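Please walk me through this structure in short questions and answers. I am new to it.

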Amino acid sequence: MDAFVIEGGRRLEGRLRINGSKNSALPIMAAVLLTDEPVTLRDVPDLSDIRNMVRLLGELGVMIARETDNRGQPVFALHAIDQSPSHARYEIVRTMRASICVLGPMLARRGKARVSLPGGCAIGQRPVDLHLRGLEALGARITLDGGDIVAEAPGGRLRGATLFLGGANGSTVLGTANVMSAATLARGTTVIECAACEPEIVDLANMLNAMGARIEGAGSPRITVRGVESLGGVDHAVIPDRIEAGTLMCAAAITEGDLTLDNCPLDALMAATDTLGAIGVAVDPIGSGDDPMRRTCRVTRPGGLRPAQITTQPHPGFPTDLQAQFMALLCLAQGNSVITEKIFPDRFLHVAELQRMGASLIRQNATVVATGVPGLTGAPVMASDLRASAGLVIAGLAARGETTINRVYHIDRGYEKLEDRLASVGASIRRQDIPAEPVAAG
Ligand code: EPZ
């Protein structure tokens with residue numbers, strides 16, 4: 001099992017390009033199920049989650065080839081050539097809960113779908129009740145059978161409806177992707193109230209509209225979809241990954257580095273960069289940049305780190321996917337920071353690991369108070385979920401001595417060759433194969 005071994009204390013200095021967004025690419029790949037025509041996707045990152053989606057779509061009748069364009073960039077060619085297989089099996093879905101986003105497209109195009117219920121994960125239960133309620137509002141008949149969601153569209157086609165998609169914790173990102181995608185082929189008009197406003201939803205809507213869908217309001221809490229008979233092919237470039245960008249900004253900040261980021265979605269990161277400014281980290285755009293989602297910026301930290309108050313919210317609020325990374329950074333701030341997790345109240349598996357490195361953290365339910373310490377100390381720690389692991393990498397970059405992060409397969413789900421990219425800007429980090437320890441009985 002692979003681990004990262006980090007020797008802390010090195011400044012990050014240099015230039016990196018932000019990769020395409022995992023959380024945009026996954027529902028966008030699933031949307032290929034909505035058309036019989038070929039689709040080309042650019043800037044899809046090479047991650048284990050993406051490879052799992054490729055495997056899943058392959059079982060659902062989609063032919064997929066990974067090519068390289070004339071600029072040497074990776075290009076995915078996808079084509080749903082066989083509409084018959086419609087079962088997303090548990091063996092794949094359990095490895096990646098985002099598989100749920102094949103449900104809406106498959107149901108809308110094929111009139112039926114069988115998708116394993118995704119299990120929970122390290123950050124929480126991860127229910128899909130809102131997905132199912134939304135699709136039922138579009139006329140779907142949904143039952144559960146042997147752990148699978150079995151969905152049917154009466155007469156083979158969904159019908160438009162006005163529906164509320166909010167839950168106890170606010171909007172649902174993949175739930176909005178599922179219902180918005182399904183509504184594109186429904187008979188009539190759909191209004192989704194309390195839709196997720198994340199940039200990934202806007203990216204998906206832009207691609208669907210380029211395929212012939214008629215979606216308005218993506219990025220706002222109310223999305224209107226006028227159903228069409230069919231969708232065509234498209235050539236689409238996935239937006240840059242705002243969470244990868246925010247992660248690298250924290251890495252530069254904690255090492256007092258000087259990092260230039262290309263292809264950076266600054267327009268989707270305002271809550272994060274606003275908080276970084278309050279902490280004392282400068283994120284300065286470079287050049288005019290006609291696309292606010294693909295800017296170049298320079299990240300520096302001229303002085304000490306100031307404490308901050310963070311509460312995670314649906315977009316445009318502070319993203320839950322950056323909570324662990326900012327907590328690592330705030331462990332070294334001069335004063336007390338308060339971090340409240342409103343999206344996944346149990347998303348604190350990184351707290352105990354940061355404490356092993358000398359962080360002073362006190363958790364009360366969904367809130368953690370971080371009291372800044374002069375420094376962290378390297379230690380063996382355990383990765384638990386994708387973003388918690390990224391937080392541990394950030395802490396390890398600044399810790400005195402060596403940090404070993406075990407189970408980095410979590411990181412490989414969402415960060416492409418993270419160790420190589422950090423090493424290229426000065427970090428001392430390497431991947432090491434650690435033989436699995438025999439598990440003690442009892
Ligand atoms: C997406 O997950 C992201 N994943 C997550 O990123 C991200 O943390 C999350 O949105 C919130 O921003 C992908 O895009 C692949 P939700 P999603 O439905 O859509 C509750 C990462 O690290 N809820 O927006 O599954 C849910 O429990 C991953 O890249 C219901 O109650 O999240 C949570 O409290 C982790 N019922 C809240 O809504 C439902 O049917 C938001 O969840 C659905 C969700």
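Q: Leaving aside its neighbours within four places in sequence, which residues is Arg17 in contact with?
A: This is a predicted model, where local features need pLDDT of at least 70, side-chain atom pairs count only at pLDDT 80 or more, and totals for chains, interfaces and linings use all residues. Residues are numbered from 1 along each chain as its sequence is written, and side-chain values use heavy atoms, with hydrogens and water left out. Contact means heavy atoms within 4.5 Å. With neighbours within four places in sequence set aside, the partners of Arg17 are Asp43, Glu244, Asp262, Asn263 and Arg421.

Q: Which side chain makes a polar contact with the side chain of Arg17?
A: A polar contact is a pair of N or O atoms within 3.5 Å; within protein, one must be able to donate a hydrogen and the other to accept it, and residues adjacent in sequence count only if both atoms are side-chain atoms. For the side chain of Arg17, the pair is 3.0 Å apart, and the partner is Asp43.

Q: Where is Arg17 found, and how far is its C-alpha atom from that of Asp262?
A: Helices (H or I, at least four residues) and strands (E, at least two) are DSSP runs, numbered from the N terminus. Arg17 is found in strand β2 (residues 13-17). Arg17 and Asp262 are 245 residues apart along the chain, yet their C-alpha atoms are separated by 4.5 Å.

Q: Is Arg17 buried or partly exposed?
A: Buried means under 20% relative accessible area, exposed over 50%, and partly exposed in between (1.4 Å probe, protein chains only). The relative accessibility of Arg17 is 36%, so Arg17 counts as partly exposed.

Q: Which side chain is joined to that of Asp148 by a polar contact?
A: Asp148 sits in strand β9 (residues 148-152). Its relative accessible area is 8%, so Asp148 is buried. A polar contact of 2.7 Å links its side chain to that of Arg114.

Q: Which domains does the domain assignment give, and how far apart are their C-alpha centres?
A: Domain bounds come from an automatic or database domain assignment. That assignment gives domain 1 (2-19 + 240-433) and domain 2 (22-237). In contact across them are 28 residues of domain 1 and 20 residues of domain 2. The C-alpha centres of domain 1 and domain 2 are apart by 30 Å.

Q: Why does the ligand lie between domain 1 and domain 2?
A: A residue is near a molecule if one of its heavy atoms lies within 4 Å of it. The ligand is surrounded by 23 residues, the closest being Asp129, Leu130, Thr172, Asp321 and Ile343. It lies between the domains because the shell takes residues from both domain 1 and domain 2.

Q: How much of the ligand's accessible area does the protein cover?
A: A ligand nitrogen atom is 2.7 Å from an N or O atom in the side chain of Asp129. Ligand oxygen atoms are 2.7 Å from a polar backbone atom of Leu130 and 2.8 Å from a polar backbone atom of Leu174. On its own the ligand has 820 Å² of accessible area (Shrake-Rupley method, 1.4 Å probe), and the protein covers 89%.

Q: Which element gives the most to the shell around the ligand?
A: Two or more residues each come from α1 (22-30), α5 (129-137), α6 (173-183) and α12 (386-398). The element that gives the most, with 3 residues, is α5.

Q: How many residues of α1 are buried?
A: At the start of α1, a side-chain oxygen of Ser21 comes within 3.2 Å of the backbone nitrogen of Asn23. Lys22, Ser24 and Ala25 are among the buried residues of α1. The helix is mostly covered, the buried count being 8 of its 9 residues.

Q: Which peptide bond is cis, with omega near 10°?
A: Most residues other than glycine have a negative phi, and most peptide bonds are trans. Pro316 lies in the loop between β18 (309-311) and α10 (323-330). The cis bond runs from His315 to Pro316.

Q: What is the phi of Glu256?
A: Glu256 is in the loop between α8 (242-254) and β15 (258-264). At 47% relative accessibility, it counts as partly exposed. Glu256 is not a glycine, yet its phi is positive, at about 55°.
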